[in-house]
Amino acid sequence: TVARYGGEEFSIILPETPKKIALVVGERLRRKVEAHRLLLEDGRDISVTISMGVATYPYDAGSALELVRHADQALYQAKDRGRNQVVACEASA
């Protein structure tokens, strides 16, 4: 399930998906977006990149609110580390 979550943020919910697989899915999506070129009406050819934070329930959070908060923290880590990457929540060991 994909839903808009805020201005330029989206949430992707992958039920019963282990973190390792969620990271693979996130990385595949990140690469697809990075490889796609956009041709604007004014003739400019641009690229777009995405950053993602991954958190899983119940390993990283005990509630939906905590899960979103931890995924958001991981997203900001991805942005702080240079953007265009997928970062896992570090709440679980």
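Eight salt bridges are found in a search of the whole structure, a salt bridge being a side-chain nitrogen of Lys or Arg within 4 Å of a carboxyl oxygen of Asp or Glu. Side chains of opposite charge can pair when their charged atoms come close. The structure is a predicted model, in which local features need pLDDT of at least 70 and side-chain atom pairs count only at pLDDT 80 or more, while totals for chains, interfaces and linings use all residues. Residues are numbered from 1 along each chain as its sequence is written, and side-chain values use heavy atoms, with hydrogens and water left out.

One of the salt bridges joins the side chains of D60 and K19, with an N to O distance of 3.0 Å. This pair connects distant parts of the chain, 41 residues apart: K19 belongs to helix 1, and D60 to the loop between strand 5 and helix 2 (64–80). Helices (H or I, at least four residues) and strands (E, at least two) are DSSP runs, numbered from the N terminus. Both D60 and K19 are buried, where buried means under 20% relative accessible area, exposed over 50%, and partly exposed in between (1.4 Å probe, protein chains only).

Helix 1 spans residues 19–35. Its 17 residues reach 24 Å from the first C-alpha to the last, close to the expected 24 Å; the expected span is 1.5 Å times one less than the number of residues. K19, A22, G26 and R30 are the buried residues of helix 1. Seen down the helix axis, these buried residues fall within an arc of 75 degrees, so they line one face of helix 1; the arc is that of the directions from the helix axis to the C-beta atoms. The cover over the buried residues of helix 1 includes strand 5 (52–54) and strand 6 (86–88). The exposed residues K20, R28, K32 and A35 are carried on the face turned away from the buried side of helix 1.

The closest N and O atoms of R69 and E66 are 3.9 Å apart. R69 counts as partly exposed because its relative accessibility is 43%, and E66 is likewise partly exposed, at 26%.

R81 and E90 also form a salt bridge, their closest N and O atoms being 3.1 Å apart. R81 is partly exposed at 48% relative accessibility, whereas E90, at 55%, counts as exposed. Salt bridges with shared partners also join E27, R30, R31 and E34 into one network.

Technical notes
Contact means heavy atoms within 4.5 Å.
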